[in-house]
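Please find below a short note on the model under review.

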Amino acid sequence: MASYLRFLALAALAALPLTAAAAAPDPADTGGSLKGDFGPPQGEPIRAVLTSPPNVPPATNRSRPAKVIVDLEVREVEKEISEGVRYTFWTFGGTVPGSFIRVRQGDTVEFHLKNHPDSKMPHNIDLHGVTGPGGGAASSFTAPGHESQFTFKALNQGVYVYHCATAPVGMHVANGMYGLILVEPPEGLKPVDHEYYVMQGDFYTVGKYREKGLQPFDMQRAIDERPTYVLFNGSEGSLIGDKALRAKVGETVRLFVGNGGPNLVSSFHVIGEIFDKVWFEGGTRFQENVQTTLIPAGGAAMAEFHLEVPGSYVLVDHSLFRAFNKGALGILKIDGPENKAIYSGKEVDSVYLADKAAPDSKAVETATVAAAKGQLTKAEQQKAGEKLFTGTCSVCHQATGQGLEGVFPPLAKSDFLMADLKRAIGIVLNGLTGPVTVNGKTYNSVMPPMSQLNDDEVANILTYVRNAWGNEDATVSAAEVAEIRKTTKRPAGAAH
């Protein structure tokens, strides 16, 4: 009986109407999903400051919603996608990714999209931060030499992707037509020392990875989701050397990271750092102490971390063949005093950066141009080959060509290397497994096929190693490499 009466009492309490206080949503449960101010903009119109990657516009620093005018121009431009490799990008603002746009929640945005008269294609824009048909795409279809205008209310805070949505949509996005728009919360973001803009994209060319010259878009590769390049900010090496991101020990960095796709999901990671906070999927909630964060195609994230130790921190897509064999690499260079209590060790960038370890890539570019003119010299080949060797071969064979005793054979004064050029070319192309005798000593290890290297790169590397560390020989030509590649039966996967 007592249990039954208790049941009736609980049922009666459950039937009572909720109080106004109980019915109100807990602010902690909204997740910041409350919409922005629906009222009219206040004050004079503001013209948005747009920045090219990796730069981010300054904070809005406004307590009231405003009318913000955004002027963005579509340009179709031929630029370098890798050393000696040209590609025709379709861009918002002349860069890949497009210009960074920054507004405040509640702002009324008057958007002007212009399509340069030299463009060959019509374009439009779909902003994921827009509430309305097509995210603006339905209102912004713009022919070459024309301008479109539409207006939207920035209702939701967050970091959002924008992209072209003109058919074929995938092709427009694959050619570089994407960027980020930040809708700040009403109170703004907490100030940090540095903000940077990084966006990943996958690219599809008819020629294979690093094949020189102007490369057209390959629709079938794109449909099959087999990218030739996976890149940060539109080109291999865009965030390396003089273009590396910079900060100092003791500072806090905020990264706005997007993924234009069109196909791949990004596993974004900074080698040697842990994200203190990640606002996953560009939303208003964050996760703490994150190693790697997933960013879907057409998605974004915001990450913050404090810097304790100097050095070079490598940005990668942790789907690692994309990083080391398709180009998804960048550097955050941190200057400042060491802290041995936190980290003691030797910094070795070359392990991660492959042939991007050396900041000067001019030697490869010079050799490429000279070869195209039929004027390539032995000295130019050696310089280009040295740079490529540094990243591709030096981890095993060492920078001095001495190898590792009993494991990796030496290249310096090597009788095995110098005895047979065709054999040497074949080993680079197809790999080598099992024991070999070099200078009277036996080495037993595995050399994988260097399938990522083009004929001219193999020729330049072999010209370098066969004329360094006491070796002396004639040059090796790309034609000689091509002949071996064509006539030699290679294991599956040994060549493209």
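**Notes on the predicted model**

1. The largest nonpolar core comprises 28 residues, and Ile81, Leu180, Phe203 and Phe256 have the most contacts inside it. Several elements give two or more residues to this core, including strands S2 (67-82), S9 (178-184) and S10 (194-203), together with helix H4 (169-174).

2. Beyond its neighbours within four places in sequence, Ile81 is in contact with Tyr87, Phe89, Phe203, Tyr229, Leu231, Gly234, Ser235 and Glu236. Another core, of 27 residues, lies apart from the largest one; among its members are Val230, Leu245, Val257 and Ile334.

3. Strand S20 (residues 311-317) is mostly covered, with seven of its seven residues buried. On pairing, S20 runs antiparallel to strand S15 (residues 266-271), to which four bridges join it; here Leu315 is the bridge partner of Val270. S20 also pairs with strand S21 (residues 329-335), again in the antiparallel sense, over six bridges. In that pairing, Val316 stands opposite Leu329 of S21.

4. How many disulfides does the count come to? The count comes to zero. A disulfide requires a pair of cysteine sulfur atoms within 2.5 Å. For Cys396, the closest cysteine sulfur is that of Cys393, at 8.6 Å, which is too far for a bond.

5. Cys396, with a relative accessible area of 29%, is partly exposed.

Terms used
Residues are numbered from 1 along each chain as its sequence is written. This is a predicted model: local features need pLDDT of at least 70, side-chain atom pairs count only at pLDDT 80 or more; totals for chains, interfaces and linings use all residues. Side-chain values use heavy atoms; hydrogens and water are left out. Buried means under 20% relative accessible area, exposed over 50%, partly exposed in between (1.4 Å probe, protein chains only). Two strands pair if DSSP finds at least two bridges between them. A nonpolar core is a set of buried Ala, Val, Leu, Ile, Met, Phe, Trp, Tyr and Cys residues joined through side-chain atoms within 4.5 Å. Contact means heavy atoms within 4.5 Å.
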